[in-house]
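Could you walk me through this structure while I have it open in my viewer? I would like to know what to select at each stop and what is there.

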Amino acid sequence: MPGPWPGLRQALLGLWAALSLLRLSAVAQEPFWADLQPRVALVERGGSLWLNCSTNCPRPERGGLETSLRRNGTQRGLRWLARQLVDIREPETQPVCFFRCARRTLQARGLIRTFQRPDRVELVPLPPWQPAGENFTLSCRVPGAGPRGSLTLTLLRGSQELIRRSFTGEPPRARGAVLAATVLARREDHEANFSCRAELDLRPHGLGLFENSSAPRQLRIFVLSPEPPRLSAPRLLEVGLEEPVSCAFDRLFPASEAQVYLALGDKTLHPEVTRDGDALTATATVTAKAEEEGTRQLVCNVILGGESRETRENVTVYLFQAPLLTLSEQLAPEGTTVTVTCTAGTRALVTLDGIQAVTPGHPAQLQLNATENDDKRTFFCEATLEVDGETLSKNGSAELRVLYAPRLDDSDCPRSWTWLEGLEQTLRCEARGNPAPSVHCARRDSGAVLALGRLGPVSRALAGTYRCTAANAQGEAVKDVRLMVEYAPSLDVVGCPERITWLEGAEASLSCVAHGIPPPTVMCVRADEKEEVFEGLLRVAREHAGTYRCEAANVRGSATKTVTITVEYGPRFEELSCPSNWTWVEGSGQPFSCEVDGKPEPSLECVGSGGTSEGLMLPLVSPAPTPRAPGTPSALAPGIYICNATNPHGSVVKTVVVSAESPPEMDESTCPSNQTWLEGAQVVALDCVSRGRPSPLVRCSKEGRSRPRPEGQRVSRKDAGTYLCVATNAHGTDARTVTVGVEYRPVVAELAASPSGGVRPGGNFTLTCRAEAWPPAQISWRAPPGASNIGLSSNNSTLSVAGALGSHGGEYECEATNAHGRHARRITVRVAGPWLWIAVGGAAGGAALLAAGAGLAFYVQSTACKKGEYNVQEAESSGEAVCLNGAGGAPGAEGGPEGTGSAEAPAGGEVFAIQLTEA
């Protein structure tokens, strides 16, 4: 049933159609495209690849991917298509991506290329041997690898590049490559390795560099001279004899690889090959057999690198037997007839001792009557043979032995021998005879046998006459032989002793007996400047003692000996060497020196006679004391001693008076090391004495002073110190160090108040007392009555008051005491109203303070000195007070030591005060 608005429906349909046309027109005009990714691809041969085909067409009608390659899977979308291509082997292919859009076909072409790695790199085999100096070809193949335009091939010798080639510019579809090169063979290339390296460079395409090399091939180079080998061999070769042959070849390389073939006829030899650089020598020995007689060929062949060099020579083999020589009697007794015959081969001509056979093949013969002279006679036979135009000869010999009795000739066994002792000699006494006779020589007196034919030293014991006997089976011969041995002179201790002793006054002569053959002459001469010849009998005196040189001489040499003659005599004392009076120094350890003249050295002892020395032995320095003599003396009794000197030729006595002295000696008992003096006393000297004989002089001086202390001078404190005391006498010195201490009475050197002013009632003050004394003084105080709350220091040198009251006003006294006396000083404290006055006084009790200024030990302000300082110490020493600001002072007196115990008090004068103000 039609709608109510048919016109409107038609209008809407028309509008829709118009809009559709407008939309189709817009689509046709938009830039739609198709795309293929990857557009260009490089894939290894046999590999796979995903291609993505897409478009920007909003609603493509259809689409696809055209290619001849195998497909493995496909994935789709509205505007895309992905497909996997597998087993890609074509060198180059172009897949097409297409879509149908708005009645148009959109296309996109791609490019797929394959590459193959250089898995096979082949170097063509090299020749087994390559002659040096000739060219050979190196060829390298890389089948299937590509693309060829990315390949580079390199030929190498070891690591050295010979040639390198890149195939840039080859067509993309080209695969595989070949590289060949002509190389000159050099001797140094022997056993060098050659190889080929292939490089496929895909780095410009985003891939890597693929390399591979061939297996190396070794090249063997050889050099073989065109000259033939040099053959060295005998031209004639005798059957049964061993002859050397050699073959030498030069200028071949490598000599170690060369082979040598050496043969004689059809018999191969086995040479020993030696190589020296580029040369070799093959040596062998060859022995021909009888069946090989005739001409044979000797061949030497050298083979190297498949080539050979050969030399041939002819050798004639012959048979030639040595002549045979026979004797009818090999051992013939003297007087026997002997026949000698010589034979050789059938073609040889023989000659016997100059007698030639009639024709070749016949023997030669001679006869003789054997005599002594025919013994050991040699017969010679020569055989000659003609071989290949050369005459060869051989000799034979035979010896005839004739039996005969021994003969002892003077030439072989002389009747007299003279030998020199000490030389090596061989005694020869030879006898002729056959069989060889035995020879025996023995002394005619003792039968001692003389060793014949043995080398040995000659001694004089061999001298004498010997009977030599030669014997064999044919008889014997006897001969007497005299042997004389000559030797140089000798002087032994029996005939010429080294030491001779004579007695003074006796008669004697110096005689030396020498041994030697021929008998030597002997002469003795004094060995001093006089060179006096000693001959004949003489009376012995001391001057005959000395050294003599005795010389014995003969034709064989000389001998010299030194003879010492000693002349002995009885003992004798001399005053200079053994004094009659001797002083012994105690402690010196020196024994008595007493030298006694006599030979032999006399024994000496000295024995006390009377008094304290009775029976005592005196120690001696004598080199030959008696066993009873004491050693080094530590004590000796003075007195008279009797000295007795004795030797085998007599004795003598001497009286010696001995006295004893001693050097100085001080010790603690005679010179104490610590001594004490009192100040002001009169001391003559230090208490030091010394022991010693003679009495020592003792002098003492203080260290630092060149002169001793004057006697009678009073002691002062300056005398304290260290003194050196020296004791001296003729036998030495002794010293001691003495320390001197000086003691003195006490003096209160300082009495002071603190503070010096400004103290209010209830304040604190302190009094200080210092004393000089030795030994140190004991300090004591006396305070005003009623003063309380007073404190003292540990050694009482300080008195202190805390919270001063009126009861503390008054007089305070300080007293110092030691073993030599005491001394006191007073100080007065007044309390008046608000002021505290301090007055100072001395021990004399005077009213005026200036009169007692010599006893003050502290400083106060003085109105009399116009507020100046008061020098207490100077006042004490001078006896008056001195104002340091220039004002005058009143004279005063200083008290001496107080034996009664009274204290020093002020003598009167001004009152010195310190005002202490209140708060």
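Start by selecting Arg-141. In this predicted model, Arg-141 has a relative accessibility of 35%, so it counts as partly exposed. Colour the strands and you will see that the pair links distant parts of the chain, with Arg-141 in strand S13 (residues 135–142) and Glu-122 in strand S11, 19 residues apart. Is Glu-122 buried, exposed or in between? At 28% relative accessibility, Glu-122 is partly exposed.

Next, select Glu-44 and Arg-117. Their side chains form a salt bridge too, with an N to O distance of 3.1 Å. Glu-44 sits in strand S2 (residues 40–44), while Arg-117 is in the loop between strand S10 (111–115) and strand S11 (122–123), so this contact ties together parts that are 73 residues apart in sequence.

Now move along to Glu-161 and Arg-197, whose side chains meet in a salt bridge of 3.1 Å, N to O. Here the linked parts are strand S15 (residues 160–166), which holds Glu-161, and strand S17 (residues 192–201), which holds Arg-197; the two residues are 36 apart. Glu-161 counts as partly exposed, at 41% relative accessibility.

How many salt bridges does a search of the whole structure find? The search finds 58.

Leave the charged pairs now and turn to a sheet. Select strands S21, S23, S28 and S27: these 4 strands form an open sheet in that order, with antiparallel pairing. Which strands are at the edges? They are strand S21 (230–232) and strand S27 (272–276), each of which pairs on one side only. Turn the view to follow the twist, which averages 15 degrees from one strand to the next.

Note on methods:
Residues are numbered from 1 along each chain as its sequence is written. This is a predicted model: local features need pLDDT of at least 70, side-chain atom pairs count only at pLDDT 80 or more; totals for chains, interfaces and linings use all residues. Side-chain values use heavy atoms; hydrogens and water are left out. Two strands pair if DSSP finds at least two bridges between them. Axes are lines fitted to C-alpha atoms, for helices over the stretch in contact, and angles run from 0 to 180 degrees between N-to-C directions. A salt bridge is a side-chain nitrogen of Lys or Arg within 4 Å of a carboxyl oxygen of Asp or Glu. Buried means under 20% relative accessible area, exposed over 50%, partly exposed in between (1.4 Å probe, protein chains only).
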